[in-house]
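Reader: I'm new to this one and would like a walk through it. Can we take it a question at a time?

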Amino acid sequence: MLELKGLKKLFDGISVLNGVNISFQQGTKIGLSGGNGTGKSTLLNIATGFLTPEEGAIILNGDNITHFEAWKLSRLGVKRTFQKVRFNEALILKEQLYTNNEIIKKNRDMLEGAGIIDYLYSFPNEVPLPILRKIEIIRALLDRPKYLFLDEPSAGMAATDLHNFGEFLKEYIDADICLVVVEHRLELMKKIDANICELRDGKFVSGNIIV
Amino acid sequence: MSLYLVTILTNMTLISFIAISAYLILIVGEVSFGQQAFFGIGAYVTATSTALLGLDLVIALFFAFIVSASFALVLSFLTVRLSGLYFAVASLCFAELLRLSLYKVEYTVETNSGTIGPNGPEGFQNIRWIFENNISPENFLIIALSSLLALILFLIFMESSKLFKNARLVGKDQIVAQSIGIKPFVYRVSFITLAGGVAGFGGGLFALFNTYIEPSMFGIMLGVHGLAYSIIGGLGYPLGPLLGVFIDIGLLESVRFLSEYRMILFGGLVAAILIIFPEGIISPRLVSRIKRNLVKKTNA
Amino acid sequence: MEEKKILEVEGLETSYDMIKALKGVSISAITGKLTCILGPNGAGKSTLLFTLAGILNPDRGKVIFEGEDITNQQTSNLVEKGLALVPENRLIFPHLTVQENLLAGAYARLAKEREIVEQDISEMYARFPVLKERSSQLGGTMSGGEQQMLAVARALMSKPKLLLMDEPSVGLAPLIVGEIFSIIKQLNEEGISIVLVEQNASKALEIGDYFYLLDQGKQIFGGSREAILKENIIKKAYLGESAG
Amino acid sequence: MEYIQISIDGILYGSSYSLIALGFSLVFGVMRRINLAYGSSLLLGIAAALWVENKLNFSIIFFIPTVLIFCSLSNLYVERVCFAPHNTKAGVVVSMISSFAIWMQLDEISAQLLPDRTHSFPSLEVSTFEFGELFFRGDQILNIFIAFIISAILFLAVYKTKYGIILRAVSNSADTAKLMGCNTNLVNSLTFIVAGVIGGIAAFLVLSTESQVTPLFGFWCTLKGLVAMMIGGLGSLVGAFWGGLLLGLLEAHLSYQFGPVFREITTFSILLIVLIIRPGGLMGVNIYKDLKSRDERI
């Protein structure tokens with residue numbers, strides 16, 4: 001279980017998170033919603049080790065890991081994707097899965113099912129955005145994460161893409177993974193049956209968990 | 001082969017070591033203005049090992065590699081928090097400090113062939129290894145060139161390794177690197193160290209070839225040339241730095257009527273190449289394209 | 001009824017960050033009216049504004065401002081012609097004071113019309129009293145709502161005929177959003193033509209005259225408020241799914 | 001008394017560092033980039049002015065403006081070749097390398113214009129005076145005075161005038177400034193020209209105290225200016241002024257204690273220590289933090 005306790009974060013003196021408590025249990029799906037600028041992404045960045053909170057603790061299976069760096073969290077199984085897809089424009093996508101041929105062969109079904117197998121030898125700028133998003137997720141999945149955080153995966157996707165993307169998430173994310181989707185489009189969260197928590201003014205709005 | 005040609009080729013080979021060491025640091029995303037110092041340390045260590053201690057070539061160069069790599073390791077730890085401009089300037093400071101300390105290193109021995117040993121600003125004279133072992137300039141070129149070739153082959157082989165791929169990712173985007181569990185620190189430290197060692201090895205060969213070294217030879221201009229070679233050559237493939245060396249020394253210096261204006265031409269050329277190819281001539285993207293086409297051909 | 005178009009965009013295609021973000025957008029804005037461009041995150045709304053403001057160059061297509069082709073013109077020229085952009089996330093100058101931020105907004109006239117600029121600043125202070133209170137405070141230390149007002153005031157300092165606004169409601173509390181929108185409405189009533197890009201469609205529907213709906217870099221609807229309320233399309237594509 | 005005299009000499013000598021550092025700081029403050037060719041562009045300006053003076057043989061009244069013109073021109077050249085083409089985020093390092101390449105080029109052109117190793121330089125002929133047991137070199141007093149005046153003028157211009165607002169707006173965020181209709185390209189070029197003028201004054205004063213110019217002057221300028229600026233604080237005009245004086249003071253004492261090689265060793269040790277302990281410099285921490293946080297935003 002990954003727990004965030006009493007997180008506070010300031011940016012330029014302005015409070016973004018103001019005492020947030022939440023716990024992520026493996027095997028659950030959680031949607032973090034909230035308007036732009038309510039601290040959703042900051043929460044994700046803290047949970048994955050890319051930012052350190054001013055106050056509060058991050059606890060993984062009982063161990064305090066608040067000051068662990070991101071790479072360490074990633075090795076402990078806490079992985080993420082990015083709001084703006086991050087790829088090296090000079091490398092073909094196969095190289096950017098950062099894995100070996102064996103694992104690619106083993107997961108051929110997933111790559112084919114997700115419709116990305118034809119794009120493996122393309123450069124990122126030759127590939128539509130929904131595919132890039134899937135590849136970012138697959139990059140994380142190939143490393144068997146326990147917690148997977150998606151940062152606004154719907155950004156830039158049309159309604160039909162979103163449908164397809166939801167199916168992809170349902171199909172290929174194992175049941176024992178804790179999937180956390182940071183989003184403000186509720187449709188995707190409903191599609192994957194996520195528990196939705198809403199952030200407002202740096203805190204979770206109490207009692208609004210829609211199941 | 002004329003002596004002139006042999007000398008030019010040897011010089012090209014020796015400076016290639018600096019270019020490659022700059023290349024290795026560029027791979028992990030940093031710019032070093034200090035590789036010349038590691039070259040210098042390597043030269044002093046080799047001179048000491050052969051002339052004062054009478055050690056074998058292989059052992060002397062091994063020492064040169066180890067000692068300069070250790071200094072580079074120190075640099076990488078000192079600059080752990082720095083990157084970009086800050087790392088570049090810090091590496092320059094570190095290098096100049098090392099070089100200036102050489103002015104203070106004095107330990108000389110009188111022998112029948114003259115004074116040997118580091119002698120402050122006078123430098124280290126009478127490094128007689130090539131004479132003692134009867135190595136002709138051609139043979140020395142073969143030694144230097146084959147070491148360089150071995151290094152290049154090693155790097156080409158390593159290019160497809162996980163180690164190098166991860167290092168390139170660290171250099172390109174530390175955030176993605178961290179998100180897939182790569183610890184950037186490890187790659188930075190090991191590449192900066194390796195680069196120091198490579199420069200030191202080249203410096204060792206330089207000391208033997210030149211038979212005389214002094215601290216002023218290892219000034220910043222040497223390092224900057226190495227850096228410029230690998231940047232204009234491109235970071236896509238280990239042959240990039242060699243291309244840079246060839247463009248400068250092979251084309252500009254050896255064409256005699258140009259050599260007087262070489263620095264004017266070379267400076268402008270580097271600036272122009274950077275405008276046209278900001279990532280160098282053999283850029284990572286070019287290499288990926290070529291690789292992809294090769295894969296397509298073999299599949300077809 | 002014949003209405004004058006202050007801005008016409010034809011078949012605009014723009015790439016941004018490796019991705020083709022606009023795939024043929026044609027819209028127009030009528031003088032003195034408030035035109036809203038709606039759409040989900042990543043639909044290409046901001047790219048459209050950036051292209052209009054001359055920050056990005058389109059691959060294809062035309063932008064016509066007051067009858068003049070301004071495609072590929074530099075931002076500085078466009079500002080002088082009367083086009084001003086209030087960027088998303090405010091993007092005020094954090095290390096400049098409020099007063100200096102306003103002066104920077106009058107960049108093009110700073111040298112020539114010193115006194116008029118001073119006058120305009122007092123005018124802005126009258127319009128936004130909160131800015132007057134903070135005039136010597138650094139921009140970065142103000143709250144989000146105050147920064148948004150500063151961003152609007154700064155854009156007004158260039159005396160624009162057409163104001164482009166990129167998601168003014170982002171990251172603001174609902175109460176403040178209401179205040180900002182009433183300011184926008186008021187500006188429009190005073191005669192400034194406005195193109196407003198919003199995600200918060202319900203808010204935009206309260207004040208807009210004309211609406212365009214973008215999705216995936218293409219425009220899927222364009223028409224008056226009556227038309228958009230009648231059509232179910234906006235709900236289907238977007239409205240019902242917004243949490244905001 | 002001896003220590004006081006050394007301190008005075010050090011601080012007075014440091015004023016030349018301050019002068020050079022101001023130009024560096026101006027460019028860094030606006031563009032967030034380091035111009036390594038700065039010293040060489042000043043050397044070229046000086047060399048070209050001397051060359052013209054040699055041909056036409058005019059008086060010092062005309063010589064000074066000639067220096068300033070050539071210094072601004074060579075700076076503008078550097079900006080056009082090394083900085084204007086690389087104005088993206090990825091271009092920070094590329095422009096630095098490019099300026100390094102141009103450094104070599106400008107040094108070589110200067111060497112072609114002034115073939116002799118040392119070339120005499122018009123001196124201002126200001127006398128030395130005594131104050132009790134202490135000696136003061138008049139020309140150095142002039143240097144520190146002018147350094148102070150220039151940093152005060154620059155400070156006022158940047159913080160109190162409308163042009164300064166534009167400059168700081170570009171420095172704050174060039175992209176946003178563009179939105180305001182600001183021609184950032186022009187601002188950058190003007191910044192380089194102003195840096196050239198300041199550098200020209202600095203170079204003239206420093207060289208006239210030395211009464212000679214050597215081919216190493218470019219390297220010396222870049223090095224000392226960079227170190228003084230980085231000690232004082234990147235992009236801070238006040239920091240550059242004090243950084244130069246501090247560097248001069250420390251160098252004077254350490255080289256007196258341990259010998260002349262220590263002048264250089266001091267320069268690099270101080271810079272390395274400052275970089276390791278306080279990378280933003282003594283007075284410029286905010287800027288460094290700002291840069292870091294901007295880079296780190298995901």
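Reader: Let's start with chain C. What share of its 244 residues count as buried?

Author: Keep in mind that this is a predicted model. A residue is called buried if 20 or more other C-beta atoms lie within 10 Å of its own. Of the 244 residues of chain C, the share that passes is 48%.

Reader: How many helices and strands does chain C have?

Author: Some of the strands will come up again in a moment. For chain C as a whole, there are 10 helices and 10 strands.

Reader: Which strands stand at the edges of the open sheet of 4 strands in chain C?

Author: The order in this sheet is β2-β1-β4-β5 (chain C), and the pairing is antiparallel. An edge strand has a single partner strand, so one side of it is left without a neighbour in the sheet. In chain C that applies to β2 (19-30) and β5 (68-69).

Reader: Which residue in β2(C) stands opposite C:K5?

Author: Strand β1 of chain C covers residues 5-16, and its antiparallel pairing with β2(C) runs over 9 bridges. The residue in β2(C) opposite C:K5 is C:I30.

Reader: Chain C has a domain 1 and a domain 2. Which helix gives the most to the side of domain 1 that touches domain 2?

Author: The domain assignment puts 1-82 + 161-244 in domain 1 of chain C and 90-159 in domain 2, with C-alpha centres 24 Å apart. Their contact takes 10 residues from domain 1 and 8 residues from domain 2. On the domain 1 side, α2 (75-81) and α7 (174-189) of chain C each supply at least two residues. The one that gives the most, with 3 residues, is α7(C).

Reader: Now for chains B and D. Which helix supplies the largest share of the side of chain B that touches chain D?

Author: Here 32 residues of chain B are in contact with 31 residues of chain D. On the chain B side, α4 (84-102), α10 (220-233) and α13 (262-276) each supply at least two residues. The largest share, 11 residues, comes from α4(B).

Reader: And how many residues on that side of chain B are nonpolar?

Author: By class, the side of chain B that touches chain D also has 3 polar and 3 charged residues. The nonpolar ones number 26.

Reader: Which residues touch the most other members of the largest nonpolar core?

Author: In soluble globular proteins, nonpolar side chains tend to be buried together. The largest nonpolar core here has 321 residues, and it draws at least three residues from each of domain 1 and domain 2 of chain C. The residues that touch the most other members are B:V89, C:L164, D:I97 and D:L271.

Reader: Last one: is B:V189 buried or partly exposed?

Author: B:V189 lies in helix α9 (residues 184-210) of chain B and, beyond four places in sequence, is in contact with B:L73 and B:S76. Buried would take 20 or more other C-beta atoms within 10 Å. B:V189 has 19, so it counts as partly exposed.

Key
Residues numbered from 1 in each chain as written. Chains lettered and ligands numbered in written order. Predicted model: local features only at pLDDT ≥ 70, side-chain atom pairs only at ≥ 80, totals over all residues. Core = buried A, V, L, I, M, F, W, Y, C linked by C-beta atoms within 7 Å. Buried ≥ 20, exposed ≤ 12 C-beta atoms within 10 Å, placed from the backbone. Domains from an automatic or database assignment. Contact = placed C-beta atoms within 7 Å. Nonpolar A, V, L, I, M, F, W, Y, C, P; charged D, E, K, R; others polar. Pairing = 2+ DSSP bridges.
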